[in-house]
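Here's a quick briefing to read alongside the sequence and the model.

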Amino acid sequence: MKKIRADIQEPWLDEIIRRDEEDGKALGVQQTPTFFVNGKPVLEFGPEHLKAAMDDELFKLYIYFFL
């Protein structure tokens, strides 16, 4: 706890948090967690939806490079 209390006072941490907040706003993040695959939001929550989004993007790469 002592280390956490010391670290939370560091200016570099404020900068990281500020950038994360700006990135989230720019991407339209409305809740946490929010997942993105290849820059696209995964609109439904759950491992099966995340896997499906990843599979779709991998398939697109496969088509692009091998067909």
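Lys51 and Asp55 pair up in a salt bridge, with their closest N and O atoms 2.7 Å apart. A salt bridge here is a side-chain nitrogen of Lys or Arg within 4 Å of a carboxyl oxygen of Asp or Glu. By that rule the count comes to seven salt bridges. Keep in mind that this is a predicted model, where local features need pLDDT of at least 70, side-chain atom pairs count only at pLDDT 80 or more, and totals for chains, interfaces and linings use all residues. Residues are numbered from 1 along each chain as its sequence is written, and side-chain values use heavy atoms, with hydrogens and water left out.

- Helices (H or I, at least four residues) and strands (E, at least two) are DSSP runs, numbered from the N terminus.
- Asp55 counts as partly exposed, because its relative accessible area is 36%. The classes are buried for under 20% relative accessible area, exposed for over 50%, and partly exposed in between (1.4 Å probe, protein chains only).
- Asp55 can also be placed against Val37: the two are 18 residues apart along the chain, and their C-alpha atoms are separated by 9.9 Å.
- Glu57 and Lys40 meet through their side chains in a salt bridge of 3.0 Å, N to O. Glu57 belongs to helix H3 and Lys40 to strand S2 (residues 40-41), so this pair ties together parts that are 17 residues apart in sequence.
- Lys60 and Glu57 both lie in helix H3, three residues apart, about one turn of the helix.
- With 45% relative accessibility, Lys60 is partly exposed.

**A network of charges**

- Salt bridges that share partners link Glu15, Arg18, Arg19 and Glu22 into one network.

**The largest pocket**

- How much space lies in the largest pocket? About 200 Å³. That volume is the space filled by probe spheres set on the grid points, which are joined across faces, edges and corners.
- The search runs on a 1 Å grid over the protein atoms alone: a pocket is an open set of points where a 1.4 Å probe fits, with protein on both sides within 12 Å along at least five of seven lines, and lining residues have an atom within 4 Å of a point.
- The lining has 14 residues, and those nearest the pocket centre are Gln31, Thr34, Pro41, Val42 and Leu43.
- By type, the lining splits into nine nonpolar, four polar and one charged. In this scheme Ala, Val, Leu, Ile, Met, Phe, Trp, Tyr, Cys and Pro are nonpolar, Asp, Glu, Lys and Arg are charged, and the others, Gly among them, are polar.
- Thr34 comes from the loop between helix H2 (11-27) and strand S1 (36-37), and is partly exposed at 30% relative accessibility.
- Thr34 and Lys3 are 31 residues apart along the chain, with 29 Å between their C-alpha atoms.

**A nonpolar surface patch**

- Leu58, Phe59, Leu61, Tyr62, Ile63, Tyr64, Phe65, Phe66 and Leu67 make a nonpolar surface patch of about 1,100 Å².
- Patch residues have over 30% relative accessible area and no salt bridge; nonpolar side chains (Val, Leu, Ile, Met, Phe, Trp, Tyr) are joined within 5 Å, like charges within 9 Å. Accessible areas come from the Shrake-Rupley method with a 1.4 Å probe, and for residues only the protein chains shown count as cover.
- Phe66, one of the patch residues, is placed in helix H3 (residues 47-66) and is exposed at 61% relative accessibility.

**Backbone and strand S1**

- Most residues other than glycine have a negative phi, and most peptide bonds are trans.
- Which residues does a cis peptide bond join? Thr32 and Pro33, with omega about -5°. Pro33 lies in the loop between H2 and S1.
- Asn38 has a positive phi, near 55°, in a residue other than glycine. Asn38 sits in the loop between S1 and S2 and is exposed, at 60% relative accessibility.
- Phe36 is in strand S1, partly exposed at 29% relative accessibility. From Phe36 to Met54 is 9.5 Å, C-alpha to C-alpha, with the two 18 residues apart in sequence.
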